[in-house]
Each structure stands twice: as structure tokens, then as C-alpha cells.
Amino acid sequence: MGFPGGGMGNMQAMMKKVQKMQADMMKKQEEIKSKTIETSAGGGAVTVVVNGKKEICSLTIKPEACDPDDVEMLQDMLITAINDGMKQIDDYSEREMAKITGGMKLPGM
């Protein structure tokens, strides 16, 4: 009993393509982990650097952003900068992986 459309040769070629895609994806995932993205909020009052592992690498707060009478504004700027950094890392990762998968959505990627 053979495979439709060409038999075992096509199946072996497909398996090689899948293995190459897996290797390329693993390599790209490692590259993404080392990527950093810098975001800011409040006109640069707060700056955050996030890496591809979704870790905050650095956080800078300008002294003028530290108003003891308006701590909520500082908190909002931090949340905005961090969330933007995380979204940018997600978008970057998705774009880079799509280059390998041809845009296919793969579970766990």
C-alpha cells in the first residue's frame, strides 16, 4: 500500500522539510530570546528595555516623573511602557516565526 501522489519518496522529502523547519524554528527561538526592545512612556519619562524572554532588562525613571503627589501617573507610565514592550516582543516573535512557517499558525509557537 503506497502513499497517494508519489509514494515513499515524497513522504521522505516531506519529513526532511519538516525536520529542517523544526531546526530553523529552534534556531530562530534562540535568536528571539536575545532580542531587546526599548519602549518609553510619558514623553521619555519612563523607559523600559524588554528581551525576547519577556524579562525586563532595564527600567529608567527620570527624576521629574517622581511626583509624590501623583504616584498614579508614574504607575500608569510604567504599565504603559512595560505592556508596549511585551506587545512589541510578541509582534516581533510572530513576524520572525512566520518567515519560517510561511504564516502557518502552529500550536505552542
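Q: Which residue forms a salt bridge with E96?
A: In this predicted model, the partner of E96 is K99, with the closest N and O atoms 2.8 Å apart. Both residues lie in helix α2, three residues apart, about one turn of the helix.

Q: Is E96 buried or exposed?
A: E96 is buried, because its relative accessible area is 9%, under the 20% limit. K99, by contrast, counts as exposed at 62%.

Q: Which residues are linked with E96 and K99 in a network of salt bridges?
A: The network also includes K28 and E31.

Q: How many salt bridges does a search of the whole structure find?
A: The search finds seven. One of them joins the side chains of K54 and D90, at 2.7 Å from N to O. That pair links distant parts of the chain, 36 residues apart: K54 is in the loop between β2 and β3, and D90 is in helix α2 (residues 71–101).

Q: What about the turn that holds K54?
A: β2 and β3 form a hairpin with four residues between them, and K54 in the turn has a positive phi of about 60°. The two strands, residues 46–51 and 56–61, pair in the antiparallel sense over five bridges. Within this pairing, T47 stands opposite T60 in β3.

Q: Changing topic, which residues form a nonpolar patch on the surface?
A: The patch consists of M8, M11, M14, M15 and V18, with about 440 Å² of accessible area together. M15 lies in helix α1 (residues 8–34) and counts as partly exposed at 40% relative accessibility.

Conventions:
Residues are numbered from 1 along each chain as its sequence is written. This is a predicted model: local features need pLDDT of at least 70, side-chain atom pairs count only at pLDDT 80 or more; totals for chains, interfaces and linings use all residues. Side-chain values use heavy atoms; hydrogens and water are left out. Patches are made of residues with over 30% relative accessible area and no salt bridge: like charges are joined within 9 Å, nonpolar side chains (Val, Leu, Ile, Met, Phe, Trp, Tyr) within 5 Å. Accessible areas come from the Shrake-Rupley method with a 1.4 Å probe; for residues, only the protein chains shown count as cover. A salt bridge is a side-chain nitrogen of Lys or Arg within 4 Å of a carboxyl oxygen of Asp or Glu. Buried means under 20% relative accessible area, exposed over 50%, partly exposed in between (1.4 Å probe, protein chains only). Two strands pair if DSSP finds at least two bridges between them.
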